[in-house]
Amino acid sequence: QVQLAESGGGLVQAGGSLRLSCAASGRTFGWYPMGWFRQAPGKEREFVAAISSSGGSIGYADSVKGRSTISRDNAKNTVYLQMNWLKPEDTAVYYCAVRTLRDYRTSYYYIPGEYNIWGQGTQVTVSS
């Protein structure tokens with residue numbers, strides 16, 4: 001069973017940057033689709049970024065497009081989310097997720113229900 005552990009969150013001023021990491025253990029995740037989601041207080045969990053199993057398909061939410069980059073290092077079983085030009089509205093708990101179910105398409109997955117394993121989350125707080 002794959003387990004995920006996020007790190008890299010923290011308190012940052014608006015305009016700053018953070019790099020979130022998601023390390024997988026328990027099984028190699030090299031060929032699984034991965035995603036990042038976030039949830040702010042009182043709001044539903046929303047898509048941030050995702051990468052397909054091959055890495056050939058990457059997608060971003062409009063709210064972070066141009067400011068964020070998702071990448072994966074299969075040798076380290078780790079996926080990253082680099083976030084730049086952070087805004088107060090980026091404040092949320094950030095979760096990484098992996099889909100170990102059958103991979104039925106080549107593009108990335110962006111719906112939370114399409115992922116079956118989640119990390120515990122890491123808090124990102126952006127002050128104005």
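Author: A salt bridge is a side-chain nitrogen of Lys or Arg within 4 Å of a carboxyl oxygen of Asp or Glu. Side chains of opposite charge can pair when their charged atoms come close. The model shown here is predicted. In this model Arg-67 forms a salt bridge with Asp-90, and their closest N and O atoms are 2.8 Å apart. This pair links distant parts of the chain, 23 residues apart: Arg-67 belongs to the loop between β6 and β7, and Asp-90 to the loop between β8 and β9.

Reader: Are Arg-67 and Asp-90 buried or exposed?

Author: Buried means under 20% relative accessible area. Arg-67 has a relative accessible area of 11%, so this residue is buried. Asp-90 has 2% and is therefore buried as well.

Reader: With which side chain does Arg-38 meet in a salt bridge?

Author: Arg-38 meets Asp-90, at 2.9 Å from N to O. Because Asp-90 lies in the loop between β8 and β9 (92-98) and Arg-38 in strand β4 (residues 34-39), the pair ties together parts that are 52 residues apart in sequence. A network of salt bridges links Arg-38, Glu-46, Arg-67 and Asp-90.

Reader: How many salt bridges does the count come to?

Author: The count comes to five. One of the pairs is Glu-114 with Arg-105, whose closest N and O atoms are 3.4 Å apart. Glu-114 is buried, with a relative accessible area of 11%, whereas Arg-105 is partly exposed, at 23%.

Reader: What else does Arg-67 touch, and which backbone oxygen lies 2.8 Å from a polar atom of its side chain?

Author: Not counting residues up to four places away in sequence, Arg-67 touches several residues, among them Gln-82, Trp-85 and Asp-90. The backbone oxygen is that of Ser-63.

Reader: Where is Ser-52 placed, and which backbone nitrogen does its side chain reach?

Author: Ser-52 sits in the loop between β5 (46-51) and β6 (58-60). Its relative accessibility is 1%, so Ser-52 counts as buried. The side chain of Ser-52 reaches the backbone nitrogen of Gly-56 at 3.3 Å. Beyond four places in sequence, the residues that Ser-52 touches include Tyr-32, Arg-72 and Tyr-108.

Reader: In what order do the strands of the open sheet stand?

Author: The four strands have the order β1-β3-β8-β7, with antiparallel pairing. The edge strands, β1 (3-7) and β7 (68-73), each pair on one side only. From one strand to the next, the twist averages 15°. Six bridges join β7 to β8 (residues 78-83) in the antiparallel sense, and Ile-70 stands opposite Leu-81 in β8.

Note on methods. Residues are numbered from 1 along each chain as its sequence is written. This is a predicted model: local features need pLDDT of at least 70, side-chain atom pairs count only at pLDDT 80 or more; totals for chains, interfaces and linings use all residues. Side-chain values use heavy atoms; hydrogens and water are left out. Two strands pair if DSSP finds at least two bridges between them. Helices (H or I, at least four residues) and strands (E, at least two) are DSSP runs, numbered from the N terminus. Axes are lines fitted to C-alpha atoms, for helices over the stretch in contact, and angles run from 0 to 180 degrees between N-to-C directions. Buried means under 20% relative accessible area, exposed over 50%, partly exposed in between (1.4 Å probe, protein chains only). A polar contact is a pair of N or O atoms within 3.5 Å; within protein, one must be able to donate a hydrogen and the other to accept it, and residues adjacent in sequence count only if both atoms are side-chain atoms. Contact means heavy atoms within 4.5 Å.
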